[in-house]
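Colleague: I am new to this structure and would like to learn how to read it step by step. Could you take me through it?

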Amino acid sequence: MKRETGCSESGETMKGGEIVNVKEILKNSGLTLAEISRRAGMSYNTLWCYKSGRRNLTVKSARKLATALGMDWKEFF
């Protein structure tokens, strides 16, 4: 039986013609998904969807993640 994740497609975003992998940014933060989701004020499942590439990162979520990670949200795009 296939488990429904509630995720849409792709976790990669374009940045000046390059693909920025959300998974790599999250991994390089040195924080757990639980800690990032708590700091960003988003659900663990939503963050997992971005990391796994099952959902496109929105500008709103990029801003939340950037604040949680201490970076500029535009680095995601």
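Modeller: From the N terminus on, the elements of the protein chain follow the order β-β-α-α-α-α, which comes to 4 helices and 2 strands. Helices (H or I, at least four residues) and strands (E, at least two) are DSSP runs, numbered from the N terminus. This is a predicted model, in which local features need pLDDT of at least 70 and side-chain atom pairs count only at pLDDT 80 or more, while totals for chains, interfaces and linings use all residues. Residues are numbered from 1 along each chain as its sequence is written, and side-chain values use heavy atoms, with hydrogens and water left out.

Colleague: Is Ser37 buried or exposed?

Modeller: Buried means under 20% relative accessible area, exposed over 50%, and partly exposed in between (1.4 Å probe, protein chains only). Ser37, which is found in helix α2 (residues 33-40), counts as buried because its relative accessibility is 8%. Of the 77 residues of the protein chain, 31% count as buried.

Colleague: Which residues is Ser37 in contact with, leaving aside its neighbours within four places in sequence?

Modeller: Contact means heavy atoms within 4.5 Å, and Ser37 has such contacts with Met42, Ser43, Tyr44 and Leu47 once those neighbours are set aside.

Colleague: What does Ser61 touch, not counting residues up to four places away in sequence?

Modeller: Ser61, in helix α4 (residues 59-69), touches Met42 and Tyr50 on that count. With the side chain of Tyr50, the side chain of Ser61 makes a polar contact (2.8 Å), a term for a pair of N or O atoms within 3.5 Å where, within protein, one must be able to donate a hydrogen and the other to accept it, and residues adjacent in sequence count only if both atoms are side-chain atoms.
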